[in-house]
Amino acid sequence: MMETAAAAAAAAATAPATASPAAAPAMAAGTGAAAAAAAAAAATAMAATAEAAAVPPLERLTAPEDIAKASALLAGGQLFRNVSADHLAHLASRMTVRRLEPGEEFVAQGAPSTACYVLASGTASRSRVTWDGQRHVVDPAAFGTTINSLHAVRGDAAFASAACASPEGCTAWVLGRDELLAALASRPELGVEMVGGLAAQVRAATKRMRTPLLELPPPALSVPAVACAAAVESYYRSALNALLNARLAGGGATRGSLFPNMHVQVPARVAYIVGFKGLRVVLDREVHPEQHSHPDFVRFATMVAPGVLMTPVSSILEACNAGHANPEPLLRRSTRGILPRCGREVLFGVGLNQLSDYFEERARSVTPSPVAANLAGSLTAGVIAGYLSHVPHNLSTYKLMEPGKSYAELFRKFVDTSVREEAIPAFLSGRGRAAARVGLAVLFPRGVVIRTAQIVGSFAILNGIINGMQAAEQKRITAAMREAAVSQGGGRARSLPRVRHRQRE
């Protein structure tokens, strides 16, 4: 650039000597302007050269410990989780160092993505401004240890802004998009590994089991596990029933014993729960809905059948808790309120069997823990079954304690007990007022919290103990099979558990 400026100055100096005398003044003026412009251009070029010389070259990672750390940080990002150590080390060796001041933004939302980043020190905050001007913080667990890597491959607009959030500043290691594309071009296997890792994440996100409610198969039945769970749950249920009956009877009523007739309740409850679980397995094995003209109706019938069939056993259990209010003999007492009780048992059986499995299957898409999924399914099914079964439970309980009254009289008592007269708005009168009381009593019945807590707890206790004992039993069986296989020959030691697993499925 300096040589160009010198040539321009020399041309300006020689121009007056070759011009005619008449044009001398004009040429002198034009030559002076050209010389000034050339001198200004030369000065600008010299300033730019000096500024470029003052900027130090980008510092690459060279230390082995930095390469190893950068490789580990890259592997923690979504894009590089499946990349081999050799390729990670190559990418890390192409990264440069960038120092960031506290609060300095290094990724701008909407700007083309020219690089991806990992932080060697400090922390970053990511935020996105939505169309309404609201700023939202991006979950840091979602992007792992890399920042902007998914957008850098194609140079897409950045989804969110990123800034240094550490008061002492941050050190970012930068992998430019050009360096990433060059690595992909020179190492085709790197691209295969990146795509394979992303495909694995997509598969994990889309593996969601969604079996229809009527088509859920029953799990394997372990009668000892179910019996143990029912024996423990019978004490919980008995205590909650005593509290609920006192609540339904209203103020001043005498509460019965928390654990009456447990010599009858425990074996009856065991038979009751084993019956629910066992009938589901038997019906699933013996009834084939697809062979009928209306398969969904058959599936629905097999779903509600255990509740209908187990109603007599439930009636015995209910009668054990009502001896203080109804002095009739136990068997006679157990027939009181059997019709609404049958509806309640259907809801209980569907909740315990199908609904618990239904929600547990869906919870597995959210949590990897089978225990948490089982608990979530039991709690959700318990809330639904407890709430829907409360009104028939109230009617059956009232009939059990006051057998001389009709169901119409008992329903009016249920409404009067559940909703006070002053709770109805004053502007309602006549039939509107009566309808409002009935509606509130059905939607928010008295004792619904205790009843729902009872069902939720029962489902959690039963399903939790059953699943825990069955899992422990399966582990013991698998261990015994491995020991037997090892004693017979090591070649079969690894294959036997897989065969067992397929048979169980």
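These legends describe close-up views of a cavity and a pocket in a predicted model. Residues are numbered from 1 along each chain as its sequence is written, and side-chain values use heavy atoms, without hydrogens and water. In this predicted model, local features need pLDDT of at least 70 and side-chain atom pairs pLDDT 80 or more, while totals for chains, interfaces and linings use all residues.

View 1. The structure holds 1 cavity of 30 Å³ or more. A cavity is a set of points, on a 1 Å grid over the protein atoms alone, where a 1.4 Å probe fits but cannot get out. The largest cavity has about 100 Å³ of space; volume here is the space filled by probe spheres set on the points, which are joined across faces, edges and corners. Its lining counts 14 residues, each with an atom within 4 Å of a point. Closest to the centre are Arg237, Arg269, Phe348, Arg451 and Ile455.

**View 2. Elements around the largest cavity.** Two or more lining residues come from each of α9 (223-249), α10 (262-286), α12 (311-320), α14 (338-363) and α19 (448-488). Helices are DSSP runs (H or I, at least four residues), numbered from the N terminus. α19 gives the most, with 4 residues.

**View 3. The second largest pocket.** A pocket is an open set of points with protein on both sides within 12 Å along at least five of seven lines. The second largest pocket holds about 300 Å³ of space. Of its 17 lining residues, Leu214, Leu216, Asp284, Pro289 and Thr302 lie nearest the centre. α10 and α11 (295-309) each supply at least two lining residues.
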